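Trainee: Could we go through this structure together, with each term that we use set against the rule behind it?

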Amino acid sequence: MPVDGLAPADFRELTDALKYCVLLHDDKTFEILWANRAACRLLGWTVDELKPLKAPDMSKNARQYSRDLGHRWLRQAVEHGIGVTEWCYRSKDGEEVLTEAIAIRVELSARTVVMVQFRDIAEEKAVRRDLFRTENRLRAFLGGLAEGIVVLDDGNRVLFASESAGRLLGEGLQGADFAAYCCDGPVPEREGRYRFAVPGRAPRWYAATCQHIEIESDLRGRMLLFYDITDRVRAEEQHRRDTQYLDHLARYNAMGDMAMAIAHEVSQPLAAAYNFVEGARGRLGQGSGEESVAWGLDNAVRQIERARSILGSLRRYVGRLEQSARLTDLNTIVRDCAYFIELRAQEHEVDVGLDLTTEPLPVLCEHVLIGQVVMNLAFNAVDEMARCPRPERRVEVVTRRGADGDVELAVRDRGPGPPPDERIFDGVFTSKANGSGIGLALSHRIVTRHGGHLDVHANEPCGAVFRFTLPTATA
């Protein structure tokens with residue numbers, strides 16, 4: 001009799017149209033009474049072929065899928081109305097199919113049956129295993145990260161904290177106000193360096209990046225990724241202190257070189273002026289003529305003028321002992337150093353030639369430090385030449401614009417050639433009996449800090465060429 005316009009054959013069609021597989025079992029013997037089309041398709045048997053089959057015929061050969069356990073599961077449905085399990089069926093061609101199976105007691109008008117609904121969950125289980133494996137790997141990766149990860153809400157409350165974040169900032173991050181951990185003001189909102197600390201503990205430096213994340217409705221906010229750079233910051237601070245010390249040492253050396261040169265040079269005109277004045281006074285006592293006295297005083301004045309000129313050169317150079325870079329001409333630096341180089345050369349009877357470009361060579365530098373490099377290289381060349389025969393004693397200071405547009409300065413000598421020691425610029429090399437080797441190391445450090453390069457190679461036909469390059473500056 002039709003029910004709500006549906007005939008019994010319609011219900012069969014509806015059952016066969018199900019994607020879920022359905023088996024009907026006798027509630028006492030548990031024999032198969034019927035199977036829908038999906039079950040037959042999955043297992044590969046027809047209904048008539050399924051009816052005589054027992055559990056061992058159509059189940060995986062494993063202990064958890066034994067006949068006794070299968071009957072216990074079906075009996076549970078008979079006694080309690082429902083039983084749920086995972087069951088591995090075996091198809092007609094031997095393929096094993098893992099399923100989620102639900103057994104339900106159904107009391108029909110003619111008899112009571114157990115209806116088993118099952119579906120293939122092999123792919124789902126594989127996905128679940130992959131997800132579980134991926135989750136475990138992610139958890140292991142996050143746990144082993146050096147970087148800490150926190151996600152903050154709009155009020156800077158910690159919604160999520162990785163295990164590594166807990167190691168960096170202590171336990172109790174979850175739900176905490178992250179502002180309490182920030183030592184330099186507000187919570188970071190952009191990439192940079194910040195100091196974080198557990199309240200009451202010494203702060204440490206961290207490099208941090210920020211970005212907004214929104215993972216469905218689960219996790220939404222500002223993600224902060226940070227890692228400890230305290231050792232790097234301390235190393236940089238030490239490097240800055242070392243740089244300041246080297247700059248101080250370079251200036252100290254420059255003043256020392258000039259002081260020795262000035263002391264030597266000023267003593268000569270002052271001694272001569274003293275002698276002329278004493279001579280003039282002696283002539284006055286002997287009643288000599290005015291011309292003789294005037295000659296002595298004039299010469300004394302000239303010697304004093306010479307001393308004043310020497311001190312003026314020193315004053316002009318010392319006036320450039322600034323600690324900030326400025327735009328200048330490399331040729332100007334060389335000319336400022338030329339006077340002191342010439343003094344050193346005269347002492348050792350060495351000829352010095354300047355070959356400077358007519359065009360300006362603009363550089364952005366600390367004038368006195370680059371001047372110290374020029375003097376170091378020139379003084380070394382002069383001292384090297386002092387050990388050579390007099391006709392060979394010549395040093396050339398040359399400025400040029402390099403092929404790549406940089407400016408360059410070269411100091412050429414005619415000595416035995418470049419030193420063989422590869423560590424010439426690290427502060428341990430010197431060819432002088434009383435030398436410390438610090439001059440070349442300082443020169444290398446100064447040029448490098450100005451973005452340039454200092455090297456040495458052989459001169460032709462003999463000798464060495466110390467050359468440094470600096471970037472060309474623009475006005």
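**From a value to a term**

Mentor: Let us start with a single pair of atoms in this predicted model: a polar atom of the side chain of Thr-230 lies 2.9 Å from the backbone nitrogen of Trp-205.

Trainee: What makes the pair formed by the backbone nitrogen of Trp-205 and the side chain of Thr-230 a polar contact?

Mentor: The distance is 2.9 Å, and a polar contact requires N or O atoms within 3.5 Å, one able to donate a hydrogen and the other to accept it, so the pair counts as one. Thr-230 lies in helix α8, which covers residues 230-285, and, leaving aside its neighbours within four places in sequence, Thr-230 is in contact with Arg-204 and Trp-205.

Trainee: Why is Thr-230 called buried?

Mentor: Its relative accessibility is 2%, and buried means under 20%, so Thr-230 counts as buried.

Trainee: Why is Phe-30 also given the term buried, and where is Phe-30 found?

Mentor: Phe-30 is found in the loop between β1 (21-26) and β2 (32-35), and because its relative accessibility of 10% falls under the cut-off of 20%, Phe-30 counts as buried. Its phi is near 65°, a positive value in a residue other than glycine.

Trainee: Why is Glu-349 called partly exposed?

Mentor: The relative accessible area of Glu-349 is 47%, and partly exposed covers values between the 20% limit for buried and the 50% limit for exposed, so partly exposed is the term for Glu-349. Glu-349, which sits in the loop between α10 (330-347) and β12, has a positive phi of about 55° although it is not a glycine.

Trainee: How do you know that β12 and β14 pair?

Mentor: Strand β12 (residues 351-355) and strand β14 (residues 394-401) share five bridges in the parallel sense, and pairing needs at least two bridges, so these strands pair. One of the bridges has Gly-353 with Glu-396 as its partner in β14.

Trainee: What joins β14 to β15?

Mentor: Six bridges join β14 to strand β15 (residues 407-412), and the two run antiparallel, with Arg-400 standing opposite Glu-408 in β15. They form a hairpin with five residues between the strands, and Gly-405 in the turn has a positive phi of about 95°.

Definitions and conventions:
Residues numbered from 1 in each chain as written. Predicted model: local features only at pLDDT ≥ 70, side-chain atom pairs only at ≥ 80, totals over all residues. Heavy atoms only, no water. Helix = DSSP H or I, 4+ residues; strand = E, 2+ residues; numbered from the N terminus. Buried < 20%, exposed > 50% of the residue type's maximum accessible area, 1.4 Å probe, protein only. Contact = heavy atoms within 4.5 Å.
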